[in-house]
Every structure is written in C-alpha cells, then in structure tokens.
Amino acid sequence: MIRVELVKMFRRPRTYVVAALLCGLPLIVAVFLATTRIPPPPGQGGAFLSAVLSNGALYPAAAMALVMPVFLPVSVAVLAGDAVAGEASAGTLRYLLVRPVGRTRLLVAKLVALVAFVLFAIVAVLVTSYLTGVALFGSEPAAGVALPADVTSMSGVTITPAGLALRLLGTVAYIVVSMLGVAAIALFLSTVTDSALGAAMGALAVLVTSQVLVTLDAAAAVQPYLPTRYWLAWIDFFRDPILWRDIERGVGIQVVYLLVLLGAAWANFTTRDVTN
Amino acid sequence: MIVTRGLTKTYGRVTAVDGVGLDVHAGDRYGLLGPNGSGKTTLVRMLLGLVFATRGEIEVLGLPVPRRVRDVLPSVGAMVEGPGAYPHLSGRANLTLFDAAGPGGGRRDRRRRVDEALDRVGLAGIDRRPVRAYSLGMRQRLGLAAALLRRPRLLILDEPTNGLDPRGIREIRDLLTELNTDGTTVFLSSHLLGEIEALCTRVGVMDRGRLVLQDDLATLRAPTGRVLVGTPDTDRAVALLDGRVERSDGGTLTVRHPDPAALNAELVAAGVRVSAVAAERRSLEQVVLDATTTSADRVEAA
Amino acid sequence: MGAGGTVVRAEARRRWALVLAVVVLLGSVPAVLAAWPVRAARIDAGVLRERIAASAAQPYHGFAQSTGLLGLPPLRNLEQVTALVSRTTQMRTWYAGPDRGRVDVVGGGTERDLYRTPDGQYVWDYGANQLTRVVGDQPVRLPTAADLTPPELARRLLALAAGDRVEPLAGRRVAGVAAAGLRIVPAAPGTTVAHVDVWADPASGLPLQAELTAKGGARPVFVSRFLEVTLGVPDARVLTPPAARPGMGFTVTAVPDVLGALNRWQRSAGLPDRLAGQPRRDAVDGTDAVGVYGTGLARFVVLGVPRRFGAEAYDNAEAFGRSIEMPGGRAALLATGLLTVLVVQGDRTYLAAGLVEPATLERAAADLAGAAA
C-alpha cells in the first residue's frame, strides 16, 4: 500500500508544481541578493542571508530558513489535508477500502507518502539552492584569497565540507520531523471532513495560532508545547558546538503531536462512516 | 450469500435504512429496486463495511460484517455509487494501482489481470489518455473492470449501467449474465425497473428505507389466472364466455381462465376469430406500484 | 465522533479512550516532573552564602536564560543593554575559571559570543561577521550578557548586599539539580529591591538561579536561571576563540582610556563628597570621574561626562521618563520599578543609576545641580 501511495504521489503533476514553487522562492531571493548585494541587517530577515554573500555554499541553509516558516508547512498542510478528504471527494476512497485496504494501513501509507514528499521537496530545494548559491555568490570568500570552500559557523568557527554535509543532513532530518507534526494535524482533520480545503485550512489555522502565540510573551507558559515553537531549531546545527537543547525538544514535541493526532485520526477514521 | 437481519441505519433523526432483512442466495442475480433516496446506496455501503449500521446484523459470504469484513472483501467485487478513479492517470494505471492496493494480487501477473478485466468490460483498446478525458460510460466500464479484477464470487454493483447507452447496457447485461452462469452471484441495485426485469432472477424492492418486497421474479410474475384475448368478434366472445370476461377494451378481452390453450380451443371451436391469446402476468411495475405508497421524492403539503 | 450509535460504537469508544489516555499520560509528564518533591540538602543559609561567595573557582557549563520585566525603553546606542533587562536572553556558557570562559548569547539566527582568555577578551558577532579582540582591563563598563549568568549575577548581588540579613528558602529543582535557597533582605533604606533570592548547588555553592523582586511587587522582575547545567571543566576546544580568517571582519581594540579622559576633564571639579545624604566612595581607585554613593543594594553610581556626550543621554531619558525642573539646571528621571536612571544637565552632565528609589535620585539631582552650577 505504501508503494501504491508513493506511486500516486509521484505520478501526480501537483507534487512537482509544489516542489518547483518551493525551489522558486530561494531562487528569486538569490537573484535579488546577487544583483543588489544588499544583505539584510543582522538578526533580521532570513537566517544566514547576510552570510551567503561571502560564501554561496551556505545558501542551502539560508534557503531552508526561507521556505521553512511558511511555504513548506503550507504545502505539507495542503497535501496532508487532501490525503483522505481528497480521496473521499474524488470517490476513490471507497474503492480503496473495498479492495480491501485496512483503514489504519491507509493512514500509515498516507503519512509515509507525506514524509517522502517532504524529503523530496527539501532535497530539491537543497540541490537547487546549492547550485544557485555557488553560481551567483561563488564558493570562494569575497576577499579573493584562494581558500577551500569552508563555511563559517554561527560561532565563527570553520565548518569543513564534510561537517557542512553532516549538518545539512541533520537539518533535513529535523525538518522532516518538524513537518510530521503538521502532517499529523492535517491528516487528522482530513479524516474528520470530506473537504480537502477545509482540512488544510484547519491545519493552517492551528499553525498560525501557534506562530502568533510563540511570539507573544504573555503566552510563555504554553510556548514549550506549541507545535511551531522549535521549528527553527535546526539553525542550532550551525552553531559550534551544536546546540542540541532545542533540537531535542523540537523532536520530542513533534513526536508527541504525531502520536496523539495520528492516534486521533486512527480512532476517528476506523470507526467512521464513509459516505462519500 | 448475503443475509441481513433487522438492519437499520439512522443519520441523526433520519432513518435511511429501516429493519431490512435481505436474503440473497448463492447463484442469484439479485436486483434491488427502489427510487433514489430509498436507502439502496446506504444498504450497499453497509454490506461493504463502509458505513456502520445503527442496529442489526449483516452476513456476507457467511461471515459477519463489519467484524470480519477484511476476510469477506477479497472475494467481493464492488461498485458503489458511480465509478471512482484518479483522473490524471490512464485507465490501465488506475487498475494497476487498485490491483496493487489490495491483498492477494501477485505482481507478476498483474498486467495480465488488468488486461483481462479491461477486455471483459470492452475497454481492451484504451490508450494512455487520462481518465479525466473518459466519457461517463467509459468510466462506468472502468469501474466494473476494477470490480472484476479478482474474479470475485460475489459482485455488489450499485447502479452499474448509469451513463451507458442502450447498446452498452445490453453488453453489461450480457456480461453479468455470463459471469453469473460461471458461478458469480450478482447483487445489483437500480432505480430502473426495466433493467432489473431484464436481468434479475430475484428482486427486492426498497421504499423509504424499508424492504417492502423480496421474492423470485418468476413468483412475482406468476400468471394471474386471467387470459388476454385479442379478437375482432368481441360481442360473440363475450356472449360465449358469459360472465368470465372481466374487462373489454377495444379488441382486447380480459378473461378469467386458468389455461390460455384451452380457452383458445374453446373460442375457435365456437367460430370466434382469435388474433392473440396470452396468459396475463403482472408487470413488475404493477408489483412495485402495489408495494410502494408514494414517490420518495414527492413532497406532500402538511 | 462519527460513530455515535452504530455497531462499532464500543470499538470507537475504546479507541478514543486509548487516545485520551495517551494525551493525559504525555500531558502529565511535565506537570509530574515539576511537582516532583525536592529533597534539598539541609544547609544553613549563612554557610550556603559563604559557599556561593567562594564558588568562583567551580567550573561548569550549561544553558541559562535571563528574563527581565523592567520595561526599560530601547535607549539609543544602549539597545543591547536595555534588551538584557527588558527581555529574555538565552545564553550558553562554559566556565573554566575567572579568566577562562565563554558566553554565547543565542537568538533566532543570531549569535554573539564572548570569550575570556588569559590574554584578553574576544567578541564574535555573527550578524556583523566581526571578530573583535579586546586588550586590557575594563574597570568601568556597561553590563553584558556574561554578567547575567546565574553564578555571576548571584555572586555580584551577594557581594553588594554583604551586610544584609539572610533567610533560608525552600529548596527547588533548578536544571535538574536539587538546589538550596536563600533570601537576602536589604537593610539599607532607599533601595527598590525587596529581596534577592538565590538557589545554589549545596555541595559546590554554584548559584543556579537568581531572582530580584522589587518592593511592592509579587513576582520577581528579573530572573536568571540555568535550564541545563553540568559541573565540570569544559572542553578546551570550546574555549578557544575562532581564528580570524579572510572574509571575516577582525579588529583589535585596546580598552579605550575613557576613564583617563574623563579624569582629566573632571579634575577641575570632581563629584561632590556627599549626595542625597550619602558619603562618596570611589568606584575605581584613582578616578574622580566615577563615584559610588550609599551602601548595600541602595548604592548608586554617578558618572560625570562632558556635556556633548550627555546631551544625547538627556534627550533619551527625557523622552521616556519625566523631567524635573530645578534651579541651576534640568534633570530627567527614568524609573522602572527596579532600576532608576537619572541624567542631570547643568554646566556639566551627570549620569546616575542604581537600584534605588526615585526619591533618592531626586535628592541627588538637586545636589548635583548645585554642584554643577
């Protein structure tokens, strides 16, 4: 069933359109940065953006910081919201279920396909942004001295290419885990309603609320439990030594959301009437 | 094959299916007749474990549903409320996906199964066009092909001939009859009386959630004990059959008589010219009208 | 949901109950951890205080967070300082000894690291892509994040409040350590501080949490505490400042001889010997420019600066605070409940700040205006 879901995902033009959109944003930003060479002031704008001007090899990390807060979660929410509700409104859900495909198996396969999508999208963004970065900013430091294409970490210490690859790998893994929470929320809502749009909107409403509360000091008490609280913690991979604290917490909170919401989706979907 | 007892489904305050006791025997071509909104689709969905009953029991292929539905469904081919397919994929790709999704289908002979199913429903020559570009009839055939993928012992089809032209309807009817002869039990629902009359051996009639009638078609249509006689000599015939003529309508007499052949002999012997003679049978339409009260989509003033 | 009153209702109930149980279980983990009773070592408050004072040699590394609710407006050129006391600052800290350590201030996409090494300090600012080596001592300087780590803050406050009364506090778990607590109630009148609470590791005396509560307030207005802490010598590699390399800004600054300059300018008319009834004590030996008045936590610092530097400070203070009219000059007072800042402008400009009540600085303002005239 997982294979079937993957085939469905990757034979769907939509998948590639979304991935292309995700790759497009960093590309546009890179073009503007490269032509104007005006870096955002420190601490504002996307993370790493001021650093990429001196070394394009860091652009994949900057690209992640660009797509992570909005674009990626939105696309995951849309796809996950469509997962069950979309099949229901297309009339294919009932045919899958009478095949028969177990309802729990269907949910798990949907989630795995979503993870595959996130991986695919991130890798696409990383590859295109690396190429963009090296092409537009160059991998040599701006001073012009011939040096290996080492990247400076946020702590000022050099990261070797191998270290950079490892950290990017960690980033990819962390972002996939972060998106699991989004996927679980949207997937649950997708089993509640037959409207794919409704499910996606519902998930986005949760995320926006969470994002607003994260920036609100008055909500400090609940912040550690918000799904988006540790979304940007992967930036800590680029400190030296790596700051694991938020990364660990981020993974923990996503696993909790995944468990609870997938459980709710399972409890709801397996005992629900499929009337569409 | 299918047995339900007191099957009831309520949505909120609306009772969609009310105390239905379905009984489909092995080898039947069972037709479930009823107007739109009479609960046919809900009933079919309950049989397939898509919708859960409020009360009552279901047994399909001897196993309880929904508890053992996963053991039942592999031997059931189903089409529920119109075909469903991924519009951006070709028909063949759709069938391949559905085949791969279910259990029991080996990967090696998947291609052969898909081709066979397409061939059966008359889609052997479809190309790589996406389903989006199919006509409703083609989609209907594709849905039927999906139901046939696993050579099921039981076919449960909800409105299988929707969107087909008369020739298509005929082809599907022949296909179902052929499958039935090979041992497949066919359960289909329709709001088209003629279709069921032409295909089925057993009929159930749904009316506003209730199964108001369930019997063999032959029994329902048993001779009424009357004979229809066509004759130009109506006056002489009426005189001869004195008192046995119930109705005279133009050149047609309705006569209470058990045997058309004997009646014919009697009339001819008396010199009455007979242009037609046939035992009167109730039409299915008459049966249905007798069993139901009012049209389901009619809204009476309070 | 969905299955209300069907043949699978029992099943549905069972499944939802299972999900609910998981929610309750996971949700209760933080609550249970927070409510877990602390068995703090019984330790006399006085002894604890001595251990804290002697804990400067204790190496540690950890993650600390300071939260200030002072609401100090973002004064121009002092944003970094006002942010420290008005917002939440997260710090990673490695401490090997008084002259070897590192404090990173980390934020979303930013990092500012301070390295202390025997041959000077290094400051790395990621946002500015700038490495700065600072040579020399800084007897007078603005507070930095490194001063707000719980051990530094607690030790400094305890040193200030040397003669004040100490009360024991119930222990609490800080960063996983069962810490013993003590409270210092300042005896000196005129301070805005109601009490200072410190929790420390009873064995090593390393302060783990420090809280400042203002008079009339129920909640502490400044809290600095460890979220994670490990006692032990940090890895030497971590304490090595980054090497300057092409593509990175690098400067070496000697500590500007501000004091010397101020001193020369100040020589003609030093700070008054008494302000607001308090005698003056020199903050830095041999310097007239900076004076400390008062005792304990009720002390305040006065700095005389040339008029051109003071003008901007005065405008700032006036914009956010209130101005006081007085003969011989004008003054602006900025009160935050805990910290009070005063700028007096006459012929000369004086800056005064301290954890003192506005009334004290108002009296000081009058004295300074007189001196300035």
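How many residue pairs are in polar contact between chain A and chain C? Before I answer, let me say that this is a predicted model, in which local features need pLDDT of at least 70 and side-chain atom pairs count only at pLDDT 80 or more, while totals for chains, interfaces and linings use all residues. Residues are numbered from 1 along each chain as its sequence is written, chains are lettered from A in the order in which they are written, and side-chain values use heavy atoms, with hydrogens and water left out.

The count is 10 residue pairs, both partners at pLDDT 80 or more, where a polar contact is a pair of N or O atoms within 3.5 Å, within protein one able to donate a hydrogen and the other to accept it, and residues adjacent in sequence count only if both atoms are side-chain atoms. On the side of chain A that touches chain C, helix 3 (49-52) and helix 10 (244-270) each supply at least two residues, helices being DSSP runs of H or I with at least four residues, numbered from the N terminus. Helix 10 gives the most to that side, with 11 residues.

Taking contact as heavy atoms within 4.5 Å, 39 residues of chain A touch 38 residues of chain C. Four salt bridges are found across this interface, each a side-chain nitrogen of Lys or Arg within 4 Å of a carboxyl oxygen of Asp or Glu. A salt bridge joins the side chains of C:E111 and A:R239, at 2.8 Å from N to O.
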